[in-house]
Amino acid sequence: MGSLLHNQYFATAAYFTVSGLMMILFLSIFELVTRYRVWHELKQGNMAVAMATGGKIFGIANIFRYSIQEHASMGEALIGATFGYFLLLVSYFIFEFMTPSFNIDDEIAKDNRAIGFTAMVLSIGFSYIIGATLTR
């Protein structure tokens, strides 16, 4: 398999496939920790959920980008990206902890776009910080 990854096209397809599967797994974990049903809310047109979910997708993809760029093997890239993902998940809980006067998930479920936007920017911002540390 290692020699196949020297082929640029095979390596691109392999990283794309593995990253895509991991994206599905990581989004499923996010769905488990939120109090609202992401895909149901998206179907209903909830923009706050769309922004928060979009930020998570961007954040996860950005962490994968940094990890793939930094590590020589797919295994190392997966380990780095998984570690980065868990840090991104922690940032979500920190956001919830820092807003004791209201519940982030409830506000997003109620389509509070200000909270959805803040959640999106938080995910994106932390993904850059996490990604930068993966390249050290």
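How much accessible surface does the protein chain have, and what share of it belongs to carbon and sulfur atoms? The accessible surface comes to about 7800 Å², and 69% of that belongs to carbon and sulfur atoms; such areas come from the Shrake-Rupley method with a 1.4 Å probe, and for residues only the protein chains shown count as cover. What you have here is a predicted model, in which local features need pLDDT of at least 70, side-chain atom pairs count only at pLDDT 80 or more, and totals for chains, interfaces and linings use all residues. Residues are numbered from 1 along each chain as its sequence is written, and side-chain values use heavy atoms, with hydrogens and water left out.

View 1. Read from the N terminus, its elements run α-α-α-α-α-α. Helices (H or I, at least four residues) and strands (E, at least two) are DSSP runs, numbered from the N terminus. Along the principal axes, the C-alpha atoms fill a box of roughly 55 × 30 × 20 Å. Of the 136 residues, 40% count as buried; buried means under 20% relative accessible area, exposed over 50%, and partly exposed in between (1.4 Å probe, protein chains only). Of the contacts with a separation of 6 or more, 70% come from residues 24 or more positions apart, a contact being heavy atoms within 4.5 Å.

**View 2. Helix α1 covers residues 8–33.** Its 26 residues should span 38 Å at 1.5 Å a residue, and the end C-alpha atoms are 37 Å apart, which agrees. The expected span is 1.5 Å times one less than the number of residues. At the start of α1, a side-chain oxygen of Asn7 reaches to within 2.8 Å of the backbone nitrogen of Tyr9.

**View 3. One set of α1 residues is buried, including Ala11, Tyr15, Met22 and Phe26.** Ala14, Ser19, Met23, Leu27 and Phe30 are buried too. The buried residues of α1 pack against α3 (47–70) and α4 (74–97).

**View 4. Helix α4 holds both Ser91 and Phe97.** Ser91 counts as buried, at 5% relative accessibility. Leaving aside neighbours within four places in sequence, Ser91 is in contact with Leu122 and Phe126. Phe97, on the other hand, is exposed, with a relative accessible area of 71%. Together with Val90, Ile94 and Met98, Phe97 makes a nonpolar surface patch of about 460 Å². Patches are made of residues with over 30% relative accessible area and no salt bridge, with like charges joined within 9 Å and nonpolar side chains (Val, Leu, Ile, Met, Phe, Trp, Tyr) within 5 Å.

**View 5. The structure holds 2 salt bridges.** Here a salt bridge is a side-chain nitrogen of Lys or Arg within 4 Å of a carboxyl oxygen of Asp or Glu. Glu107 pairs with Lys110, the closest N and O atoms being 3.3 Å apart. Glu107 is buried, with a relative accessible area of 16%, while Lys110 is exposed at 58%. Asp111 pairs with Arg113, with 3.2 Å between the closest N and O atoms. Arg113 is partly exposed, at 45% relative accessibility.

**View 6. Asp111 sits in the loop between α5 (104–109) and α6 (113–134).** Asp111 is partly exposed, with a relative accessible area of 25%. Its phi is positive, about 65 degrees, although Asp111 is not a glycine. Most residues other than glycine have a negative phi.

Definitions and conventions
A polar contact is a pair of N or O atoms within 3.5 Å; within protein, one must be able to donate a hydrogen and the other to accept it, and residues adjacent in sequence count only if both atoms are side-chain atoms.
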